[in-house]
Amino acid sequence: MKIDKEARYSKDHEWVRPEGDLFAYGISDHAQDQLSDIVYLEPPDAGDEFEKGDTIGVVESVKAAADLYLPMGGEVVEVNEALVDTPEILNSDPYGEGWILKFRASDPSEFDLLLSAQDYEKKIEEEQE
């Protein structure tokens, strides 16, 4: 299982990584592994605004559908449109080409409240026991 050391993680297995004055967002390698073959992504639209923890979209696999939650409040600036046509990129490259959206945080300090890569790794180990 891969973990991006530059990212912070939510309890719902989503990652957020600073990129300039924006934050990139996606699902973790662990999440895509649990979902299995991803076949559909319904992202929000650029310009949509969300509060911390709001449902922002849906990801579906051959096994299940899962809501996506934004672990920080903010405004969606860019959506990775490539994932709408080829959602399987989420399986092959969740931290690279598989970013779902980029957003401008309403409170950038919320990033510090997310799990560090090390704490996220511990969380996954505990879940698998």
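Let's start at Asn91. Beyond its neighbours within four places in sequence, Asn91 is in contact with Gln32, Ser36, Asp37 and Ile38. Contact here means heavy atoms within 4.5 Å.

A word on the source. This is a predicted model: local features need pLDDT of at least 70, side-chain atom pairs count only at pLDDT 80 or more, and totals for chains, interfaces and linings use all residues. Residues are numbered from 1 along each chain as its sequence is written, and side-chain values use heavy atoms, with hydrogens and water left out.

Back to Asn91. Asn91 sits in helix H3, residues 89–92. Helices (H or I, at least four residues) and strands (E, at least two) are DSSP runs, numbered from the N terminus. Asn91 is buried, because its relative accessible area is 18%. Buried means under 20% relative accessible area, exposed over 50%, partly exposed in between, with a 1.4 Å probe and protein chains only. The Asn91 side chain also reaches the backbone nitrogen of Ile38, at 2.9 Å.

Next, Leu90. Leu90 is in helix H3 too. Its relative accessibility is 0%, so Leu90 counts as buried. Outside four places in sequence, Leu90 is in contact with Ile27, Gln32, Ile38, Val59, Leu83, Gly98 and Ile100. Take Ile38 from that list. Leu90 and Ile38 are 52 residues apart in sequence, yet 7.1 Å apart in space, C-alpha to C-alpha.

Now Tyr40. Tyr40 lies in strand E4, residues 38–42. At 34% relative accessibility, Tyr40 counts as partly exposed. With Val39 and Val62, Tyr40 forms a nonpolar patch on the surface. Together the three have about 270 Å² of accessible area. Accessible areas come from the Shrake-Rupley method with a 1.4 Å probe; for residues, only the protein chains shown count as cover. Patch residues have over 30% relative accessible area and no salt bridge; nonpolar side chains (Val, Leu, Ile, Met, Phe, Trp, Tyr) are joined within 5 Å, like charges within 9 Å. A salt bridge is a side-chain nitrogen of Lys or Arg within 4 Å of a carboxyl oxygen of Asp or Glu.

Last, the sheet. What is the strand order of the open sheet? Six strands run E1-E2-E3-E9-E8-E5, with antiparallel pairing. Strands E1 (8–9) and E5 (49–50) are the edges, each pairing on one side only. Two strands pair if DSSP finds at least two bridges between them. E1 joins E2 (residues 14–19) by two antiparallel bridges. Tyr9 stands opposite Trp15 in E2. Five bridges join E8 to E9 (residues 101–105), again antiparallel. There, Val76 has Phe103 in E9 as its bridge partner.

Conventions
A polar contact is a pair of N or O atoms within 3.5 Å; within protein, one must be able to donate a hydrogen and the other to accept it, and residues adjacent in sequence count only if both atoms are side-chain atoms.
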